[in-house]
4 protein chains.
Amino acid sequence: MIRIGIIGAGYWGPNLIRNFSLLDNVRVVALADLREERLKLMSRLYPGLKLVTGNSDEILHSRDIDAVVIATPVSSHFPLGMEALSHGKHLLMEKPMTATTEQAEVLIETAQRNGLILMVDHTFVYTGAVTKIKEIITSGELGEIYYFDSVRVNLGLFQHDINVIWDLAPHDVSIMDYLIDRPVKTVSATGMAHFDNQIENIAYISVGFDANLLGHIHVNWLAPVKVRKTLICGSRKMIVYDDVEPSEKVKIYNKGIDYIRNREEVYNILVQYRTGDMMAPRIELTEALSLVAKEFVDAIREQRKPLTDGQAGLRVVKVLEGANLSLRSGGKVVKV
Amino acid sequence: MIRIGIIGAGYWGPNLIRNFSLLDNVRVVALADLREERLKLMSRLYPGLKLVTGNSDEILHSRDIDAVVIATPVSSHFPLGMEALSHGKHLLMEKPMTATTEQAEVLIETAQRNGLILMVDHTFVYTGAVTKIKEIITSGELGEIYYFDSVRVNLGLFQHDINVIWDLAPHDVSIMDYLIDRPVKTVSATGMAHFDNQIENIAYISVGFDANLLGHIHVNWLAPVKVRKTLICGSRKMIVYDDVEPSEKVKIYNKGIDYIRNREEVYNILVQYRTGDMMAPRIELTEALSLVAKEFVDAIREQRKPLTDGQAGLRVVKVLEGANLSLRSGGKVVKV
Amino acid sequence: MIRIGIIGAGYWGPNLIRNFSLLDNVRVVALADLREERLKLMSRLYPGLKLVTGNSDEILHSRDIDAVVIATPVSSHFPLGMEALSHGKHLLMEKPMTATTEQAEVLIETAQRNGLILMVDHTFVYTGAVTKIKEIITSGELGEIYYFDSVRVNLGLFQHDINVIWDLAPHDVSIMDYLIDRPVKTVSATGMAHFDNQIENIAYISVGFDANLLGHIHVNWLAPVKVRKTLICGSRKMIVYDDVEPSEKVKIYNKGIDYIRNREEVYNILVQYRTGDMMAPRIELTEALSLVAKEFVDAIREQRKPLTDGQAGLRVVKVLEGANLSLRSGGKVVKV
Amino acid sequence: MIRIGIIGAGYWGPNLIRNFSLLDNVRVVALADLREERLKLMSRLYPGLKLVTGNSDEILHSRDIDAVVIATPVSSHFPLGMEALSHGKHLLMEKPMTATTEQAEVLIETAQRNGLILMVDHTFVYTGAVTKIKEIITSGELGEIYYFDSVRVNLGLFQHDINVIWDLAPHDVSIMDYLIDRPVKTVSATGMAHFDNQIENIAYISVGFDANLLGHIHVNWLAPVKVRKTLICGSRKMIVYDDVEPSEKVKIYNKGIDYIRNREEVYNILVQYRTGDMMAPRIELTEALSLVAKEFVDAIREQRKPLTDGQAGLRVVKVLEGANLSLRSGGKVVKV
C-alpha cells in the first residue's frame, strides 16, 4: 500500500485525489492547504481523507506517508520539495519544477542521495495526442524535423507572482523537450507587460537547437479564444496538433517539401489549401493525469526513473529561465 | 475613357483584366508578358485586348495608354515603374512596392514631380473584413490597442528570387499599417532557410511601436494547412480575423481585460473558452480587387491621393527591409 | 437533511453521486446495482456511501431514505418507480420516464395521491445553452417560430433492449417540448434496422404542431462523427445550437425572412454564406446535472412542481410512442 | 470547331461562357436572354460573342451553331430543348432537366431519333469530391452501403416558380443517383410553405431502394447558415462529405459497425467522438463546370453517351416528381 499526501488543494487538487484513488494499493490519506474553505469542500467530497490540515509539515513529517505531491505556487516548490525529500518521501512536483535551475539541480541531487523517486508532472507528455505524435516521430515518418511552432493563448488568469512564460510555456517546452529530444542551445524572447504590475502577459520565445531546426512558442494571457496549436514540420510529413479540437487533435499531412519544389505544381499550390492526403489517427482518451499517477506509483514500486524525471524538469526550467533573461534584456539571444 | 496597360500576366493578371473591365469608361487595352504561352491564353480569354506583347516598352511608351499596372516580380518594379512615370503614365504597383526603401522614395518623388497618381495594390486593405475592422477600431470600441498578432502560413510556392518575408509579410504589414496607423519604431526577426538556396522559408517578425503596443508576424512556406489569422487585442474588446473562415471572418469578443483582473472570476475563466458574448458582423463580399481598381481610377479622375498611395507602399517596404536586416544579423533589434 | 438512494450505478451513476454530494444538507447514503464490479468501484470512489447493495429493495423499503433516483434501463423504470412511490419516496427518474404513456400516467397519479415529488431528469433542459435559447425565444426576439430541426447522431452503443428513438430522441424531444412549448398533434417516422436484431439504428421523425410550425428529428447510431445540432428558425431571427462546439454552442443570426424576399438581394444571397450579423452569447458552463439535483431537492423542500415534472416526462413519452408506432406502420401519420 | 450558343445569361451564364471558352476548337458564339441589362453586361465582359440577342430563336434556328446550352428557368427547358433538338443542335440542359418525367422522356426519344447528344448539367457529379467518393465506393472499401443522408440548406433565394425541392434537391438526388447507383423504389416527403405563396421552403425527403438501404434528403431555404453535408455509411467505413469545408471536403472513417457490436467497447464509445482513424484524401480542385463542358464537347466529337445523359436527368426528375406528389398528399409513400 502506497500512502500519498497532497499539498495544495487548488484547481488541480481534486483531479490528483481522484486519479490516485483509482489505483490499486494506493491511498490518498492526507491533504494540506492554507485556505480553510478549500479544505472544507475537499473533506465533504472525499470523506476517505484521514488528514486534512492547514499545516503542510503534518504531511511532510508524517511517518504514515510514503509519497508527497506538491501542487502549490512555484515559489514554494523548492522548500516544500526539500522538506519532503529530507524526510524520505518520494516526490511528484507540479510544473514548472522550480523557480530556478539551481533549485532543480539541488532537488535532483538530494533525491538521488536519498534514493527517492523525483518526478515532475509534465501532464501533456502523458496525453494520447502527444504519445501518438511521439510514436510517429520515432518511426521516422516525418523525416528530418524543420521546426516546432506552438501557440498557447487564452483569456487567462493573471498570476500575481509569475508571468505568462512561467505560467503557460512549461506545457509547450515540456512537449517540445519530449518530442524533439535534442539539446536546446539558445533562447530569445520578446514580450510585454501591458499593466502596471510589470508581469509580462504576452511573450514570443524563439529556441535554437544544435541542428537545422527552429523552435518558437507564443504564450499569451490576452487572447479572446483558447488556442492550443502546435505545428511540427518534417521533410516528409507535417503534423498539426490542435488540443482544442474535440475529435481530431492530431492531423498528419503526407505531402512534404520535395513536392513543392516541383515548379509545375506552382499554380496548383497557389489555389489549394493543401497538397496531399491527411490522416487523423484515433487518439486514446485516457485521462493523462491517471497515467501520471500510475507512472509515479510504478516508478516507486520498480525503483526506476519515471518518464518525466527531475532531469526533464530541469531542462524545462533552463529554457524558461533563459527566455525570461532574454525578455528582460530586450530580446538578446541567451545561451542555455 | 481611361486606357489601361498591364505588365505581367501571371497569377494576378487575369483578375486585374476582369476587374478593370467592369468599370465604366475604363478599358484594358494592352498586356505584356515574357511568356509566350501566357500571352496566347490571355488573347483567347480576352479577345478585347488591342495589344498583347512580349515587349513591355510597347506599353510603357505608347501614346494610347493612360495608366499602367505592374504585376511583375518585385525586382523589376522599380525600373518598369520609373519608365512608366517618365512617360506620363499613372501607376498601380503590385506589392511589395519595391525591393528597397530608396527605390520607393524615388518613385514617390518622380510621380509627384510629374503630377501622376502612384498607388500600391495592398489588396487586403480593400477587403470587407479589414474595412469592417478599421471601422471598429476607429470607433474606439476596442479601447487602447495592446497587440497585433498575425499568422500567414501555408505550403507555399518557393520563390527563387525572394524569401518568405518579401513574399507573404507585405499582406500582414500593410494590414497592420492600415489598422494600427502608428509609426513603427523597431523591427527584429528570426527565421531559417531550411534548404541550400539560402532563401528563408520561415520567419518570425516582432514590431515595436511608439506605444505600449506589440506587433508580431509569423510567415511560413512550410505549413501543411493554410492559416491566415490575425488577433487584435484592445483594452475593451478583442478581434479575431480569420481569413480562411468562409462565413465568420471577423469575430469581436466583448469581455476584456478589466474582467479577468477580477479574482472571483478566476476559476470560472480556467474552465471556460471565453468570457463574454461574441459578435460576428456581416462582411461585405465585394471582390477587393474591384475596389482597388475603382480607387485607382477614381484617384486619377479626381486627381487625389489614393487610399494606399506611395507613402503606404514605402512604410511597408521599410518594415520588410528592417526585418530582413535583423534576420541576417541574427535577430538584433533594428531601428526603422 | 435529505437522504438519497440511487438505483443504477452505470455510466450516469457517479455523476449523480458527485452532484448530489455537493448540495448542502443532502447526502447520498445508498447505491444499488446488479453488477458486483460496479459496486466495488463505487465503494472505493465514494467511501461515504453507507449502503452499497445488489438488492434495490433495501433502498426502496428503507426508512432512512427520503428520495430515490432511478438510473436503470427504461424497462424497469415503472416497477421501481411504483415501489419507491408506494414507500413514500420522492422520485427522480432518468429519461425516458417510462416505456409507455400509460405507465407514466399511473406514476403521475400515484405521486400526486401520495403527495410526493415526481421529476424526470431531462438534463439538457438545464444546460446553459438551452436555458439561453429559452430566454431568447421567450423574449420574442425570434418572432414566429417556423421550424425546429434537430440532428443527434454518432457511432453509438447498440442498445439491446431499445431502438435509437428511445435511446437518443428523448434528448431532442424534451428540448423541443421545453423550447417550443406547444402541443404536438401528429408524429410520423421512417427508419431502418440494418441488423438482424430488428432494433432500428436510424430514424427520421417529423412532428406536427397546432400551428404553421414543423418539427424534425434525425437520430442515428451509425454516424462516424458525433453531431448534436439543432436549428430553430423564426420569422425575425434564427438560432443554431451546436452542442459539440466547445466555445460557441449557440449562435443567433439576425437577418431573417423579410430580408430574402427582397429581389434586389438575390444575387447577393447566392454568393453569401449568410446575410446578417451573428451573435454568440456567453453560455453558463455550470454542469447541468448539478442544477437537476438542485431542482429536485428544492422541489422537495418547497413542496412544489419541479421544472421537468411527470407531465413533461409524459409528453416526451407520448411523442416517442407515436414515433415508434409510425415507424412500425411504414411511416403513416400518427395522432398524438 | 464546335460553335456554342447559350440561352440564359443569369447567375450561371458567365461561368458557362468562361469554361467553354477555355476548350480547344470550341467557341461560344451566341448568347440569348430576355433581360436587356444582362445582355449589356455580357457584351462588355465577352467582346468575343458574335451574337447577343433577346430572341432565343435566333440561336435555336441558326445554321452557324452546333450545340446549345439551356440555362433558363425549368419551366422553359422542354420547349427550348425540343426547338434545339428539332433544329439539329446538340443539347446541354441545366438541372433539373425538365418539369415532368414525360417531358424528359420525349426529349430523350427526340435526341435519339435525331442522333444528337443530350446531356444534363449535374455539376456536382463532376466535382473532385464526388469523383473521389465514387472511386472509394466502387473499390468496395465502404462495404455494404446502409444509408445516404444529405442536408442542403441555406438562407436562399425564394424562387417564385418552383419550390425548394425543385430548386435544391436536384443536387442531392443527382449525387445520390451517381454514387448509390441503384434503382429508387419509393419516395415520401414532408415539408411546409411558411408563406402565402404556397411554395414549400422546407422539405424532408425519404428514399427507398431495392435494398437494405435508406436515403434521406433535407432541403431548406430558411437556414441561417449554408450547410452542404452528406453522410454515406457503409458496413466497413463511413464517409462525411462536407462541401462547405475549404480543405477537407471528404473524410473517410475506418471503424465501422462490427466494431461497435463489441460490448467491451461500450463505455469507450460513450466518451469518444469517433472510434477509428480518419483519412481526408486530397481532392482535385479543378472547376467542375470545366469538366462538364469538356464532357459535353467530347461526347459530341466521339458521338457517345455523356456521363450524365438524358437517362440520368430522367431518373432525377422521377424522384423529384415523386417527392412533390408525396408532399402534396400529406407524406404518403409514392412508388417511383
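Me: Which residues point one way from strand 12 of chain D and which the other way, and are they buried or exposed?

Reply: D:M238, D:V240 and D:D242 point one way, D:I239 and D:Y241 point the other, and all are buried. Buried means under 20% relative accessible area, exposed over 50%, partly exposed in between (1.4 Å probe, protein chains only). In general, side chains in a regular strand alternate between the two faces of the sheet.

Me: What is this based on?

Reply: This is a predicted model, in which local features need pLDDT of at least 70 and side-chain atom pairs count only at pLDDT 80 or more, while totals for chains, interfaces and linings use all residues. Residues are numbered from 1 along each chain as its sequence is written, chains are lettered from A and ligands numbered from 1 in the order in which they are written, and side-chain values use heavy atoms, leaving out hydrogens and water.

Me: Why is strand 12 of chain D called largely enclosed?

Reply: Five of the five residues of strand 12 (residues 238-242) are buried, so the rest of the structure largely encloses this strand. A strand here is a DSSP run of E with at least two residues, a helix a run of H or I with at least four, both numbered from the N terminus.

Me: How do you know that strand 12 of chain D pairs with strand 11 and strand 13?

Reply: Two strands pair if DSSP finds at least two bridges between them. Strand 11 (residues 222-234) has five bridges to strand 12, running antiparallel, and strand 12 has four to strand 13 (residues 250-253), also antiparallel; therefore both count as pairs. D:L231 stands opposite D:V240, and D:Y241 has D:V250 as its bridge partner in strand 13. A hairpin of three residues joins strand 11 to strand 12.

Me: What makes strand 3 and strand 6 of chain D edge strands?

Reply: Six strands of chain D form an open parallel sheet in the order 3-2-1-4-5-6. Strand 3 (51-53) and strand 6 (118-121) each have a single partner strand, so one side of each lacks a neighbour in the sheet. Within this sheet, strand 1 (residues 2-7) and strand 4 (residues 67-70) run parallel and are joined by four bridges, with D:I6 opposite D:V69.
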